[in-house]
Amino acid sequence: QILSAQLGLAVLCDRVLDRLISVLNMQAGAIFIFDDREGELLRAAQRGVPGPLPARLTVGAVASTLLGRAAAAGTPQVLDDVSAVDLQSEEDKVLRTWGFHTLLCYPLTSGKRLAGGLQLMSRRAGAISANAMSLLQALNEELALALQNAVTFDRLSTMTVTDALTGLHNRRFCEEFVRKHL
């Protein structure tokens, strides 16, 4: 909780993703934040892929992406060899064209509440070890809570400087802006 209070959401996601890719010896990854208002996963950070991953993913049993289905089920999904599987979505198929062989889709949950999703990729087949899965299981609750806290902090920060009805900047924002720039 202290970590998420000191870092903004973007910085937190970037640092967590960098660390996980390094520790788990993966080549690429992404963190998605669950938007409970829209029922979608929103991309918050990505590393190591030659192009952009989708900005939004549907969550649910009928979701086309592996991460969307994993998030809905609340269970990790591992593809040890992407080339041996008939991927359903264009979003997942692009990983094959980028040369990735292993895909891990891990829902980040706190209790039964979905906070986001983690997607890790490797160019080696079978790159996810039992130790890696154990580490992610051990970190899941803490990562989910840190993401939830950072999202809440960002929302509250925005609420303090915007009008709830119009979404326009309020007097407090204007006063702070003038003070900083004069």
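Start with a rule for rings: those of Phe, Tyr and Trp (its six-membered ring) pair if their centres lie within 6.5 Å, and planes under 30 degrees apart count as stacked, over 60 as edge-to-face and the rest as tilted. By this rule, there is one aromatic pair. Select Phe-173 and Phe-177: their ring centres are 6.0 Å apart and the planes meet at 25°, so the pair is stacked.

Before moving on, note that this is a predicted model, where local features need pLDDT of at least 70 and side-chain atom pairs count only at pLDDT 80 or more, while totals for chains, interfaces and linings use all residues. Residues are numbered from 1 along each chain as its sequence is written, and side-chain values use heavy atoms, without hydrogens and water.

**Helix α6**

Show residues 171-181 as a cartoon. Both Phe-173 and Phe-177 sit in this helix, α6, four residues apart, about one turn of the helix. Helices (H or I, at least four residues) and strands (E, at least two) are DSSP runs, numbered from the N terminus. An α-helix has 3.6 residues a turn, so residues three or four places apart point the same way.

The scale: buried is under 20% relative accessible area, exposed is over 50%, and partly exposed lies in between (1.4 Å probe, protein chains only).

**Strand β6 and its partners**

Select residues 113-122. This is β6, and nine of its ten residues are buried. Two strands pair if DSSP finds at least two bridges between them. Ala-28 has Met-121 as its bridge partner. Zoom in on the turn: the β5-β6 hairpin has two residues between the strands, and Gly-111 takes a positive phi near 65°.

**The largest nonpolar core**

A nonpolar core is a set of buried Ala, Val, Leu, Ile, Met, Phe, Trp, Tyr and Cys residues joined through side-chain atoms within 4.5 Å. Which members of the largest core touch the most other members? Select Ile-31, Leu-118, Leu-120 and Leu-147, out of 28 residues. Helices α2 (9-23) and α5 (130-161) and strands β1, β5 and β6 each supply at least two residues. The biggest share, eight residues, comes from α5. A second, separate core holds 22 residues, including Ala-30, Val-49, Val-82 and Leu-103.

Next, centre on Leu-120. Beyond four places in sequence, its contacts (heavy atoms within 4.5 Å) include Leu-17, Ile-21, Met-26 and Leu-104.

Select residues 66-73. In this helix, α3, Leu-66, Leu-67, Gly-68, Ala-70 and Ala-71 are buried. Just after α3, Gly-74 has a positive phi of about 75°.

Move to Gln-88, in the loop between β4 (77-79) and α4 (90-97). Gln-88 is exposed, with a relative accessible area of 58%. Setting aside residues up to four places away in sequence, Gln-88 touches Ser-64, Arg-69 and Lys-93. Last, draw a distance from Gln-88 to Glu-176: the C-alpha atoms are 49 Å apart, across 88 residues of sequence.
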